[in-house]
Amino acid sequence: MPIVSFWSTQDSAQVCSTATAAAVAMMIATKMKNKYKTLLTQTHYTDMSLESSFFNPDKRNKLDTSDTGIDALDRLLRSNKLTPENIPNYATPILKGSLELLYGTFKNDTDSYSRILETMPIIIDYANQFYDIVLVDLNKGYETSEVNAILQKSDLIVLNMSQSKHMLKQIFKDMGTLKILQEKPVIPVLGRYDRYSAYSEKNIARSFNYKKRIYTIPYNTQFFDSCNQGNAARFFIENANADMGTDRNGFFISEVANLTDAIIEAIKPKMVDR
């Protein structure tokens, strides 16, 4: 089964990789109508932005963190009790039968976090044996061996970038020099996209002589407010059929759908009918 990593070579909130992962996960779940059983997870340190997009902090604080998410699976793995089939027992349903969220680590000290990172690639391997698609919101940058290990396992890298001229120069340089970005299929995405900027996706492609399509996640006030309030799932359910011409959310939904279609098309060769 395919693993899709949402990642950027540059450590900046502007690239919006977490929101991109959340949006794509919900688009797969709502558009594909239970066709794919998808797991969404993340590898960040003391950053629960992905989880907070779907569940408000009050609900999250009531979780038994010792029996939830990556931390629980890490404990099972170290005691040789982890199997692909028991991963769903430690994941949280977002849309029943379609999308589940595997909480990232609750560890808040660097030593414990480092130990979790060591087992993350193995846990993702196990998840990959059970779910149709595994989506991973990865730490930005490429100096962590564990992050590189997950990138190596990935069947597709969604490369997140912004409309910052300086960042674009660096990321397109990375695309030409980093081995991982030459070995793996890559889909570039502009986060928090402003379609009225001089740095449109077409102008950027032209400036850097990039021959393939660059996708976008437009800035959308309602979507980002929903993420802040833990209502990202509700936003997609309510706006699944937003019209481009008449609905303020239509352009956003259309662009997320285009990106999701491209991702599904890219990973199809790795899909196996169950």
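1. Let me start with a helix pair. In H4, Ile70, Asp71, Leu73, Asp74, Leu77 and Arg78 meet a set of H5 residues: Arg115, Ile116, Glu118, Thr119, Met120, Ile122, Ile123 and Tyr126. By type, the residues of this contact split into eight nonpolar, one polar and five charged. Keep in mind throughout that we're looking at a predicted model.

2. Now the geometry of that pair. Two packed helices are described by the angle between their axes and the distance between the axes. Here H4 covers residues 69-78 and H5 covers residues 110-128; they pack at about 85°, and their axes are 9 Å apart. That angle makes H4 roughly perpendicular to H5.

3. Asp74 deserves a look of its own. Setting aside residues up to four places away in sequence, Asp74 touches Arg115, Ile116, Thr119 and Ile123.

4. S1 (residues 3-7) and S5 (residues 133-137) run parallel and are joined by four bridges; Phe6 stands opposite Asp137 of S5. S3 (residues 92-95) and S4 (residues 99-102), on the other hand, are antiparallel, with three bridges, and Pro93 has Glu100 in S4 as its bridge partner. S3 and S4 make up a hairpin with three residues between them, and in that turn Gly97 has a positive phi of about 80°.

5. As background, most residues other than glycine have a negative phi. Arg192 has phi near 50°, positive although the residue isn't glycine. Arg192 sits in strand S7 (residues 186-193) and counts as partly exposed, at 38% relative accessibility. Asn209 is the other case, again not a glycine, with a positive phi of about 55°. Asn209 belongs to the loop between helix H9 (201-207) and strand S8 (215-218), and is exposed, its relative accessible area being 54%.

6. The largest core has 51 residues, and the members that touch the most others are Val4, Leu40, Phe54, Ile133, Phe223, Phe236 and Ile263. Which helix supplies the largest share of this core? It's H1 (residues 17-31), with 10 residues. Another core, of 44 residues, lies apart from the largest one; Ile124, Met167, Ala205 and Ile214 are among its members.

7. Leaving out neighbours within four places in sequence, Val4 is in contact with Ile133, Val134, Leu135, Val136, Leu156, Val158, Ile263 and Ile267. Two of these partners, Ile133 and Ile263, are also on the list of core members that touch the most others.

Definitions and conventions
Residues are numbered from 1 along each chain as its sequence is written. This is a predicted model: local features need pLDDT of at least 70, side-chain atom pairs count only at pLDDT 80 or more; totals for chains, interfaces and linings use all residues. Side-chain values use heavy atoms; hydrogens and water are left out. Axes are lines fitted to C-alpha atoms, for helices over the stretch in contact, and angles run from 0 to 180 degrees between N-to-C directions. Helices (H or I, at least four residues) and strands (E, at least two) are DSSP runs, numbered from the N terminus. Angles under 35 degrees count as roughly parallel, over 145 as roughly antiparallel, 65 to 115 as roughly perpendicular and the rest as oblique. Contact means heavy atoms within 4.5 Å. Ala, Val, Leu, Ile, Met, Phe, Trp, Tyr, Cys and Pro count as nonpolar, Asp, Glu, Lys and Arg as charged, and the others, Gly among them, as polar. Buried means under 20% relative accessible area, exposed over 50%, partly exposed in between (1.4 Å probe, protein chains only). Two strands pair if DSSP finds at least two bridges between them. A nonpolar core is a set of buried Ala, Val, Leu, Ile, Met, Phe, Trp, Tyr and Cys residues joined through side-chain atoms within 4.5 Å.
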